[in-house]
Amino acid sequence: EHLANQIAAGEVVERPASVVKELVENSLDAGADRIAIEVEQGGGKLIRVRDNGQGMDPEEAPRALAPHATSKLRDVADLSRIATLGFRGEALPSIASVSRLTLTTREAGGEEGVKVAPGADGLEVVPSAHPPGTTVEVRDLFHNTPARRKFLRTEKTELSHVVEAVRRAALGTMDTAFILSHNGRSHFQLPAVETWEDAERRVGRLLGDQFAENAVHLVQDSGDGLRLSGWVILPTAARGQRDQQYFFVNRRPVRDRLLGHAVAEAYRDVLYQDRHPAYALFLEVDPAEVDVNVHPTKHEVRFSDGRRIHAFIRHAVEEALGAVRP
Ligand code: ADP
Ligand code: MG
């Protein structure tokens, strides 16, 4: 079982940033509106994610570390209408199999918290003081898989991947406050967004002033279940920002050919040039129309009607760019 978890970990846990991504997604699924992430030595030594979400009761907490113990799917039909970020129930056991993991949690309204940690004879569960919410601490990632540990890059590189993972989460979930610190020093503190100005401030903080200053805001509703919002930036201003392509489907960060292609086509149609688009775009679509269970990292999606989605995005981005064409 331990070995099976380590194999699963190979798919889900590539580096500290993958741990951060999974833990932050769990916090978001738990309804947290404040998530604090602390990392040490690029995350290789310590990753601690603390949230104020719904927490777990003392019986539920140890189950979170059991394989395939997701609380988010009740039956197979649920798979076709996934609204949470997690659902496979393999992140925590996978991470625990390649690190020293402890989970401390208290249910909102619960009497006391518990701390769960793998011990010599299975899981140890002890009472522990904790405010409502959950803290997961991951120490010494890959300590027992030296081959994998060797693939960790420098502290600086690993930190930059961690920052990117938090950036994606913080762009996708504006109404949650995010705090990131590295080696005890604050990296960013993002208060929860309430207004469009707040949102633009967060985008500027995460993607840079140049992006924020040149961003064209768009909101388009198809009238039949599709909504696209966010920012596109004119390619003249986008020089040197070719990596700034962020797409979210129902708040989930995705890297998807179809979506990227639709935006690129819009740029070409309106601006007659093939420069690299830069954007942060948010698509809302009925969960029944998207399959997110394509790959364990859940970065890829499949739509039941890809052509309709492609046409809608292309049109919406064309309108936004057309309105400001230089
Ligand atoms: P998944 O997210 O796919 O369900 P995980 O292994 O990531 O699987 O988590 C297992 C279960 O542990 C979740 O379904 C959830 O019930 C519980 N859990 C994990 N993290 C948290 C958290 N931060 N707050 C509340 N519950 C959590
Ligand atoms: Mg999860």
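Modeller: Helices (H or I, at least four residues) and strands (E, at least two) are DSSP runs, numbered from the N terminus. This is a predicted model, where local features need pLDDT of at least 70, side-chain atom pairs count only at pLDDT 80 or more, and totals for chains, interfaces and linings use all residues. Residues are numbered from 1 along each chain as its sequence is written, and chains are lettered from A and ligands numbered from 1 in the order in which they are written.

Biologist: How many helices and strands are in the protein chain?
Modeller: Both kinds of element occur in the protein chain. The count is 11 helices and 15 strands.

Biologist: What percentage of the residues count as buried?
Modeller: A residue is buried if 20 or more other C-beta atoms lie within 10 Å of its own, exposed if 12 or fewer, and partly exposed in between; C-beta atoms are placed from the backbone. Of the 326 residues in the protein chain, the buried share is 38%.

Biologist: Which residues have the most contacts inside the largest nonpolar core?
Modeller: A nonpolar core is a set of buried Ala, Val, Leu, Ile, Met, Phe, Trp, Tyr and Cys residues joined through C-beta atoms within 7 Å. The largest one has 77 residues. Those with the most contacts inside it are Val20, Val24, Ile95, Val166, Tyr279 and Ile313.

Biologist: Which domains does this core draw on?
Modeller: Domain bounds come from an automatic or database domain assignment. The core takes at least three residues from each of domain 1 (2-190) and domain 2 (196-324).

Biologist: Which face of strand β1 is covered?
Modeller: In a regular strand the side chains alternate between the two faces of the sheet. β1 spans residues 34-40, and its uncovered face holds Arg34, Ala36, Glu38 and Glu40. The covered face has Ile35, Ile37 and Val39.

Biologist: In which sense does β1 pair with β7?
Modeller: Two strands pair if DSSP finds at least two bridges between them. β7 covers residues 177-182, and six bridges link it to β1. Glu38 has Ser181 as its bridge partner in β7. The sense is parallel.

Biologist: Which residue of β2 stands opposite Val39?
Modeller: β2 (residues 46-51) runs antiparallel to β1, with six bridges between them. Their hairpin has five residues between the strands, and there Gln41 takes a positive phi near 50°. Opposite Val39 stands Ile47.

Biologist: Which are the edge strands of the open five-stranded sheet?
Modeller: Its order is β9-β10-β13-β11-β12, with mixed pairing. An edge strand here pairs on one side only. The edges are β9 (215-221) and β12 (252-254).
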